[in-house]
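Please look over the protein shown here, and then read the short report on its confidence, its charged pairs and one part of its surface.

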Amino acid sequence: CLVTVIDCGGWPAQLMNFHLLHALTTADVPSEKASAPFSAKRSGFVKAEASASILLESEKAAKARGVKPLAEVCGFGLTSDAYRVTDGREDGLCVAKAMALAMETAGIGVDQVDYINAHGT
């Protein structure tokens, strides 16, 4: 299973779409200060570019290639609050449910979680 995130360009259209959604920051400060996704005072997000590729393979395939896995997916959780295009629910119900489902499918408790990677759009 190969998961690839690629941005094919289209800056003007992307910016206009985010502008029409009122999702871009309105802060009149440098971008490094305007980007505050977890702040109660945030006014939107700062558009930036990035890309990443993640290769997911079975343990058997990794052993056949003679490589040591860097990480293991032990469980997952998936929810959709369908609240707004740019915002999740304020009470965090669906995020909490996704994390609980991930721990349940992995067979672990909250005391065994070392790291959570949050996307703060």
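The report below begins with the model itself and then turns to particular residues.

## The model and its confidence

This is a predicted model, in which local features need pLDDT of at least 70 and side-chain atom pairs count only at pLDDT 80 or more, while totals for chains, interfaces and linings use all residues. Residues are numbered from 1 along each chain as its sequence is written, and side-chain values use heavy atoms, with hydrogens and water left out.

The protein chain has an average pLDDT (the predictor's confidence in each residue, from 0 to 100) of 80, and 87% of the residues score at least 70. Over residues 1-8, however, the pLDDT is below 50.

## Salt bridges

The whole structure holds 3 salt bridges, each defined as a side-chain nitrogen of Lys or Arg within 4 Å of a carboxyl oxygen of Asp or Glu. In one of them Glu-57 pairs with Arg-65, with the closest N and O atoms 2.7 Å apart; Arg-65 counts as exposed because its relative accessibility is 52%, where exposed means over 50% relative accessible area, buried under 20% and partly exposed in between (1.4 Å probe, protein chains only).

Lys-63 and Glu-59 form another salt bridge, at 3.5 Å from N to O, and both residues lie in helix 3 (residues 59-65), 4 residues apart; helices are DSSP runs of H or I with at least four residues, numbered from the N terminus. Asp-91 and Arg-89 also meet in a salt bridge, at 2.6 Å from N to O.

## Around helix 4

Helix 4 has 14 residues, and just after this helix Gly-107 takes a positive phi of about 70°. Ile-108 is found in the segment after helix 4 (93-106), and Ile-108 counts as partly exposed because its relative accessibility is 34%.

Notes. Contact = heavy atoms within 4.5 Å. Helix = DSSP H or I, 4+ residues; strand = E, 2+ residues; numbered from the N terminus. Expected span 1.5 Å × (residues − 1).
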